[in-house]
Amino acid sequence: MFGRRASTGAAPAAAPIPSRPEPAAAYRPTMVPAAPPPPAAEPRRSDDYYLTKSTIFSALIEAIDLSQLSKLDAETAREEIRDIVNEIISIKNVVMSIAEQEDLLDDICNDVLGYGPLEPLLARDDIADIMVNGAAKTYIEVAGKIQLTNIRFRDNAQLMNICQRIVSQVGRRVDESSPICDARLMDGSRVNVIAPPLAIDGPALTIRKFKKDKLTLDQLVKFGAISPDGAEVLKIIGKVRCNVLISGGTGSGKTTLLNCLTNYIELDERVITCEDAAELQLQQPHTVRLETRPPNLEGTGAITMRDLVRNCLRMRPERIIVGEVRGPEAFDLLQAMNTGHDGSMGTLHANSPREALSRLESMITMGGFSLPSKTIREMIVTSVDVIIQATRLRDGSRRITHVTEVLGLEGDVIITQDVILYDILGEDAQGKLKGRHRSTGIGQPRFMERARYYGEEERLAAALDRADLKDGSLL
């Protein structure tokens with residue numbers, strides 16, 4: 001067979017399989033007795049299962065030629081591995097049911113060709129985050145709540161091998177000399193790895209998954225993240241080229257909202273994105289995606305976010321999208337926003353629109369720019385038009401809680417004005433929070449002039465009128 005080593009006519013002898021009084025029962029997966037049980041809980045595997053799997057896996061590695069296997073496509077390689085594993089099981093007289101054998105075959109194929117125990121979690125579209133804390137504990141976030149799974153790795157060495165496999169696909173590395181790494185999966189899901197000696201109990205792997213189906217503002221309305229009229233206002237903001245900052249905490253939906261807003265960019269506009277790990281999924285045909293680069297083994301060759309943003313200005317962009325503003329690149333982004341690149345966008349971590357402005361000022365100051373505080377604030381008010389605040393509430397739901405515009409300076413204080421707010425009114429019997437999006441009654445927001453220029457004035461005024469409190473509905 002193509003993937004087998006030429007020197008072996010059959011699978012090599014493997015270590016004896018541990019004997020058990022009831023072999024079939026020992027392999028039977030049992031559900032974790034949890035209250036309440038997590039949805040679609042993974043089966044718990046016995047120690048004997050992992051010992052048997054390890055033995056068969058070792059025999060498989062001796063039986064196949066990995067260099068030849070790498071030349072096959074994924075489906076053919078999977079069938080090749082399944083044939084050899086079935087032969088090893090037959091030779092060693094392992095007593096297993098058909099279902100148990102299929103589980104073992106899938107596990108081993110995932111170990112060789114994919115991301116091992118992570119594969120079933122990556123296949124689920126309802127999971128937002130995967131958090132691996134060493135080989136023995138894996139947590140997931142479903143519906144805004146974190147829960148422990150029964151997924152485990154053979155040991156920390158297997159987990160580290162999978163981490164290296166993930167980051168090497170995007171030209172990065174993680175090891176003892178470079179123990180922190182940001183990367184991404186092929187579908188754009190964001191990956192962070194921190195390895196020993198910094199992670200004491202084994203490698204810590206965090207994956208922020210993205211849904212296979214791209215979300216839209218209309219779908220966010222169905223989920224209750226924003227009201228229909230609030231969504232209409234956001235669509236207009238995206239279309240009329242307002243400079244937008246999306247702020248929020250970790251996991252609040254900033255990147256998802258940024259993806260939604262970019263759907264309303266005109267198809268003939270040239271858009272350039274700058275990210276640490278490319279995760280934005282823009283649908284515009286004229287999009288250039290840029291990604292930072294860490295230093296090489298000699299500690300040189302790093303390309304920072306600031307380098308990318310500054311280079312954007314030489315690429316004739318119409319809009320610049322920064323995946324996350326977290327350092328001195330804030331200065332260059334603001335410069336771009338007020339020098340002919342209207343409609344630029346970015347995200348940053350902050351708990352309110354006022355905090356977002358303070359963080360923006362702090363990032364510029366920490367970048368070593370010796371500018372007076374008032375000068376920095378003047379730059380902010382002339383660059384940023386709208387701040388959209390995304391929040392994850394205590395029940396796990398995500399809401400857009402503020403649509404706030406930046407008006408100007410009064411002395412040394414930046415003046416802002418809320419256009420749409422989200423009020424929490426209570427909770428239902430299931431503990432889900434109830435609330436309402438409402439207009440603050442501002443009939444003429446500052447960006448109304450921009451809406452008039454693009455012919456969206458009447459549409460914006462009508463959406464704000466409908467969003468008045470008396471017409472609002474509970475979400």
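The buried residues of helix H14 are covered by elements that include helix H12 (329–337), helix H13 (353–366), strand E13 (398–410) and strand E14; helices (H or I, at least four residues) and strands (E, at least two) are DSSP runs, numbered from the N terminus. Helix H14 spans residues 373–383, and Ile376, Met379, Ile380, Val381 and Ser383 are its buried positions. Buried means under 20% relative accessible area, exposed over 50% and partly exposed in between, with a 1.4 Å probe and protein chains only. An α-helix has 3.6 residues a turn, so residues three or four places apart point the same way.

This is a predicted model, in which local features need pLDDT of at least 70 and side-chain atom pairs count only at pLDDT 80 or more, while totals for chains, interfaces and linings use all residues. Residues are numbered from 1 along each chain as its sequence is written, and side-chain values use heavy atoms, with hydrogens and water left out.

The chain contains 16 helices and 15 strands, and 48% of its 475 residues count as buried. Among contacts (heavy atoms within 4.5 Å) with a separation of 6 or more, 59% join residues 24 or more positions apart.

Nine strands form an open sheet of mixed pairing, in the order E9-E8-E10-E11-E7-E12-E13-E14-E15; two strands pair if DSSP finds at least two bridges between them. Its edge strands are E9 (287–291) and E15, each of which pairs on one side only. From one strand to the next, the twist averages 25°. Helix H13 packs on this sheet and touches E7 (244–248), E11 (345–349), E12 (386–392), E13 and E14, its direction making about 135° with that of E14. Such angles run from 0 to 180 degrees between N-to-C directions, and axes are lines fitted to C-alpha atoms, for helices over the stretch in contact.

Within the sheet, E8 and E10 (residues 319–322) pair in the parallel sense over four bridges, with Val322 of E10 as the bridge partner of Cys274. Glu427 has Leu433 in E15 as its bridge partner. These two strands form a hairpin with five residues between them, and Gly431 in the turn has a positive phi of about 85°. Strand E15 (residues 433–439) has a covered face of Leu433, Gly435, His437 and Ser439, whereas Lys434, Arg436 and Arg438 make up the uncovered one.

Glu269 lies in the loop between helix H10 (254–262) and strand E8 (271–275). With a relative accessible area of 6%, Glu269 is buried. Its side chain makes a polar contact of 2.7 Å with the side chain of Arg319; a polar contact is a pair of N or O atoms within 3.5 Å, where within protein one must be able to donate a hydrogen and the other to accept it, and residues adjacent in sequence count only if both atoms are side-chain atoms. Leaving aside residues up to four places away in sequence, Glu269 touches Arg241, His286, Glu318 and Arg319.

Helices H11 (residues 305–312) and H12 pack at an angle of about 15°, their axes 8 Å apart. They are therefore roughly parallel to each other, the term for angles under 35 degrees, with over 145 counting as roughly antiparallel, 65 to 115 as roughly perpendicular and the rest as oblique. Met305, Arg306, Val309 and Arg310 of H11 make the contact with Glu329, Phe331, Asp332 and Leu333 of H12.
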